[in-house]
Amino acid sequence: MITSAPTPRELLTIAVEVARDAAATAHRMRAEGVSVAATKSTVTDVVTAADRAVERQVLAALRERRPGDAVLGEEYGTGDTGPVAEGGVRWVVDPIDGTVNYLYGLPYCAVSLAAEVAGEVVAGVVRNVATGEEWTATAGGGAWRDGERLRCSAETDLGQALVATGFGYDAGRRAHQARVVAELIPHVRDIRRMGAAALDLCLAAEGRVDAYYEKGLAAWDLAAGGLVAREAGLLVTGLSGRAAGPDLVLAAPPALHGPLHTRLADLDASGGP
């Protein structure tokens, strides 16, 4: 059994291999037709048979390659992988981020897979199921897409910033988030809501949007995409000195982070249900 952690680059190699195979399975299953297998927080928060099948595939692939590691997945939690050994690796997987997009055949959904060592994400990959676009990062090694190193937006004026966000499935939370957007939108270029947090973070990493924020992200939503964003130069935080997490994730270039943070704090973006 493997007890010591390999390098971030070695972990990334495993993550990419596993994520590519998983994305291929998700793509094939989408072509064959999608069925709703269950719901989660609300009746609109769906789980497809593909979510479960893809996560099982990822778990099996990781057990084969790294049998001593722990895994945290969206659909099965920690499963039967056991606790993380001291100095060991925990993998964090979202089998299909953007499940509703996947259900409707919208080309904005992804497999997200990250590796943590001692609680810190050190390697991650996000692969768009529909397009094959792939973003990768290692701690201290930069963020990349298709061999090109990523740099976040150089925009310095919040009024010219294109800001991505997302909404939860609980009706009360959506209402609060809608009020925040309504108050924020006069102060930015525009808002984009595309429905897959890991991909939103990757688009921010390469400046295809200038910044991103959202309340309610789980570890599997944030792990890989958050590393890609940080390695591209974004500040990835919560509000008022808190770390990025379920209360709020704000990913923005240094020049935009302060003014956007101030707006979001004033609007109580981390509040509500």
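A residue is termed buried when its relative accessible area is under 20%, exposed when that area is over 50%, and partly exposed in between. In this predicted model, E17 has a relative accessible area of 37% and is therefore partly exposed. The side chain of E17 meets that of R65 in a salt bridge, with 3.4 Å from N to O. Because E17 belongs to helix α1 (residues 8–32) and R65 to helix α2 (residues 49–65), the pair ties together parts that are 48 residues apart in sequence. R65, at a relative accessible area of 29%, is likewise partly exposed.

The strands may be considered next. Seven of them form an open sheet with mixed pairing, in the order β3-β4-β5-β6-β7-β8-β9. The edges are held by β3 (70–73) and β9 (148–149); each has a single partner strand, so one side of each is left without a neighbour in the sheet. Within the sheet, strands β5 (residues 110–117) and β6 (residues 120–128) run antiparallel and are joined by eight bridges. E116, for instance, has V121 in β6 as its bridge partner.

Two helices accompany this sheet. Helix α6 (residues 219–231) packs on the sheet and touches β3, β4, β5, β6, β7 and β8 (142–145), its direction making about 95° with that of β6. Helix α5 (residues 197–205) lies across β4 (89–97), β5, β6 and β7 (134–138), and runs at about 100° to β6.

Strand β6 also contains V125. This residue has 0% relative accessibility and so counts as buried. Leaving aside neighbours within four places in sequence, the contacts of V125 include L12, A15, V16 and A19, as well as V111, W135 and A224. The C-alpha atom of V125 is separated by 9.6 Å from that of A198, a residue 73 places away along the chain.

The remaining charged pairs can now be placed. The structure holds 13 salt bridges, among them one between the side chains of E133 and R208, at 3.1 Å from N to O. E133 is in the loop between β6 and β7, whereas R208 is in the loop between α5 and β12 (211–214), and the pair thus links distant parts of the chain, 75 residues apart. R208 counts as partly exposed, at 40% relative accessibility. Both residues belong to a network of salt bridges that links E133, R145, D146, E206 and R208.

A further salt bridge joins D247 and R242, whose closest N and O atoms are 3.9 Å apart. D247 is partly exposed at 41% relative accessibility, and R242 is partly exposed with a relative accessible area of 38%.

Definitions and conventions. Residues numbered from 1 in each chain as written. Predicted model: local features only at pLDDT ≥ 70, side-chain atom pairs only at ≥ 80, totals over all residues. Heavy atoms only, no water. Pairing = 2+ DSSP bridges. Helix = DSSP H or I, 4+ residues; strand = E, 2+ residues; numbered from the N terminus. Contact = heavy atoms within 4.5 Å. Axes fitted to C-alpha atoms, helices over the stretch in contact; angles between N-to-C directions. Buried < 20%, exposed > 50% of the residue type's maximum accessible area, 1.4 Å probe, protein only. Salt bridge = Lys/Arg side-chain N within 4 Å of Asp/Glu carboxyl O.
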